[in-house]
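Here's a quick briefing on one helix and a handful of charged pairs. Have the viewer open while you read.

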Amino acid sequence: MIVERTENPNWLSNAYLVADPETKTGVLIDGNEDLGPLLDKAESEGIEITHVLVTHPHSDHVAGLAEALERLGNPPVVAHAATAAEIDQEVEVTMDDGDKLQAGGLEIEALYTPGHAAGHLAFLIDGTDVFTADVLFKGTVGGTMAPGASGFEDLKASVMRLMELPPETVVHPGHKEPTTIEEEWSSNPFVRIWRGIDATGEEEVTVWGRPATLRLWAPDYDGGNKAWVTFADSGEEAIVGGSQVEK
C-alpha cells in the first residue's frame, strides 16, 4: 500500500493519498488546503483516484476539496450522512458503521467514531491501516467541545473501539505523525485511565469561567496540552484544549 501525507503548517492537519500499487488506483482522504503534492504524486505515478473520503466536516479537514475534485474529474465523495449535510460537496456515497466499499484495489471499511463530531468516520483500509482523523492521535485524543461534537462518552467509546483493532494496525491521525494501536494501548494517557491502569486527578480548576475538576492533564499533538475535566455545575465531562484551563 502507498500512503502519502501532507500536513498544513498552520492547522497541522493531515490529508492522505492511499493507493494500491498493483492496480494503480487510490483514494484521497480529507482536505487541508495543501493537496497539491498529493495530486501531483497521483499524476506522476499514474494513480487513478476513484473516491474522495471525508472523515468529518470541520474546515481544517475539508479545505481545498472543491479544487481537488475539479482537478480529479469529480470522483465520488464518501462520508457519513451527518457529514454530508454539513459540507459543500455533493456526497454520492454515504457510509455508516461496518459498511464496506471497494475502491479500485483497496477495501475500505467505515468505523463510526463520533465524539469529536457527530458524523465522524474512521476508515480502515485493507485491514492494516486506519485513518482516525480527530478521534485518536499519537499520545492523545480529540476534543469534545468542537462544533457539532457529540460528547465525551461517544469519544471515549470510539477510542476504545479503535483499541480493539489488531495491535499492529497503523494509525494515521488527522494531525501530526502516525502511530500504532499497540503504542496507544500501552502509552496513551487517556487510554490507560480508561483501561483502569492509571487513576484520574482531582485538581480544582476553572474552564470558561466554570469551576471544574481536572481529571487528566496530558500532552497534545501540537506541543500544548489536552485536558479532561468534569464541570462542577452540571457534572458534564469534556476534553478541552489546555489553554482553556485556569489552574
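A salt bridge here is a side-chain nitrogen of Lys or Arg within 4 Å of a carboxyl oxygen of Asp or Glu. By that rule the count comes to 14 salt bridges. This is a predicted model, so local features need pLDDT of at least 70 and side-chain atom pairs count only at pLDDT 80 or more, while totals for chains, interfaces and linings use all residues. Residues are numbered from 1 along each chain as its sequence is written, and side-chain values use heavy atoms, with hydrogens and water left out.

**Helix α1**

- Helices (H or I, at least four residues) and strands (E, at least two) are DSSP runs, numbered from the N terminus.
- Leu-38, Leu-39 and Ala-42 are buried in helix α1, residues 36-45 (buried is under 20% relative accessible area, exposed over 50%, partly exposed in between, with a 1.4 Å probe and protein chains only).
- Those three sit on the same side of α1, because they cover an arc of only 95 degrees around the axis (the arc is that of the directions from the helix axis to the C-beta atoms).
- Which parts do the buried residues of α1 pack against? They pack against β1 (2-7), β2 (14-20), β3 (25-29), β5 (48-53) and α2 (65-72), where contact means heavy atoms within 4.5 Å.
- Just after α1, Gly-46 takes a positive phi of about 70 degrees.

- Side chains of opposite charge can pair when their charged atoms come close.
- Arg-71 forms a salt bridge with Glu-43, with the closest N and O atoms 3.0 Å apart. Arg-71 lies in helix α2 and Glu-43 in helix α1, so the pair ties together parts that are 28 residues apart in sequence. Arg-71 is partly exposed at 40% relative accessibility, while Glu-43 is exposed at 51%.
- Arg-215 and Glu-202 meet through their side chains in a salt bridge (2.9 Å, N to O). Arg-215 is in strand β18 (residues 210-219) and Glu-202 in the loop between α6 (189-194) and β17 (203-207), so this pair ties together parts 13 residues apart in sequence. Glu-202 is exposed, with a relative accessible area of 54%.
- Glu-7 is partly exposed at 27%, and Arg-5 is partly exposed at 37%.
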